[in-house]
Amino acid sequence: MLKVDMENHSDLLGKKYIFDDGNTIEVIQLKTREDGIWVHYCISMHDSLPRKLIMKHDEFMNKYQHLFENNHK
């Protein structure tokens with residue numbers, strides 16, 4: 001089983017980014033599995049229901065890290 005230090009990643013939990021058009025992305029959960037950490041997040045577009053998506057932590061950070069670096073929401 002892969003051991004991962006969740007404390008280094010827990011600061012991402014609950015982070016939300018609001019785009020200029022009002023769409024949002026919010027990290028709702030982090031899970032440790034045998035193959036690493038997985039990020040569960042919701043994307044909301046306009047007035048539609050949020051979509052829950054799951055992505056490996058490394059992939060999520062490669063794609064979205066710039067949104068959460070200086071975000072205090």
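Visitor: What makes strand 3 and strand 4 a pair?

Guide: Two strands pair if DSSP finds at least two bridges between them. Strand 3 (residues 36-44) and strand 4 (residues 51-56) have six bridges in the antiparallel sense, so they pair. Val39, for one, has Met55 in strand 4 as its bridge partner. Strands here are DSSP runs of E with at least two residues, helices are runs of H or I with at least four, and both are numbered from the N terminus. This is a predicted model, in which local features need pLDDT of at least 70 and side-chain atom pairs count only at pLDDT 80 or more, while totals for chains, interfaces and linings use all residues. Residues are numbered from 1 along each chain as its sequence is written, and side-chain values use heavy atoms, with hydrogens and water left out.

Visitor: What lies between strand 3 and strand 4 in the hairpin?

Guide: Six residues lie between them, and His46 in the turn has a positive phi of about 55°.

Visitor: Why are strand 1 and strand 4 called edges of the sheet?

Guide: The open sheet has four strands in the order 1-2-3-4, with antiparallel pairing. Strand 1 (16-18) and strand 4 each have a single partner strand, so one side of each is left without a neighbour in the sheet. From one strand to the next, the twist averages 25°.

Visitor: How do you know that strand 2 pairs with strand 3?

Guide: Nine bridges join these antiparallel strands. Glu26, for example, has Cys42 in strand 3 as its bridge partner.

Visitor: Why is the pair of Tyr17 and Phe19 called edge-to-face?

Guide: Rings of Phe, Tyr and Trp (its six-membered ring) pair if their centres lie within 6.5 Å; planes under 30 degrees apart count as stacked, over 60 as edge-to-face and the rest as tilted. The structure holds five aromatic pairs. In Tyr17 and Phe19 the centres are 4.9 Å apart and the planes stand at 80°, so the pair is edge-to-face.

Visitor: Are Tyr17 and Phe19 buried, exposed or partly exposed?

Guide: Buried means under 20% relative accessible area, exposed over 50%, and partly exposed in between (1.4 Å probe, protein chains only). Tyr17 has 23%, so it is partly exposed; Phe19, at 32%, also counts as partly exposed.

Visitor: What makes Arg33 a charge over the ring of Trp38?

Guide: The criterion is NZ of Lys or CZ of Arg within 6 Å of the ring centre and within 35 degrees of the ring normal. Arg33 lies over the face of Trp38, at 5.2 Å from the ring centre.

Conventions
Axes are lines fitted to C-alpha atoms, for helices over the stretch in contact, and angles run from 0 to 180 degrees between N-to-C directions.
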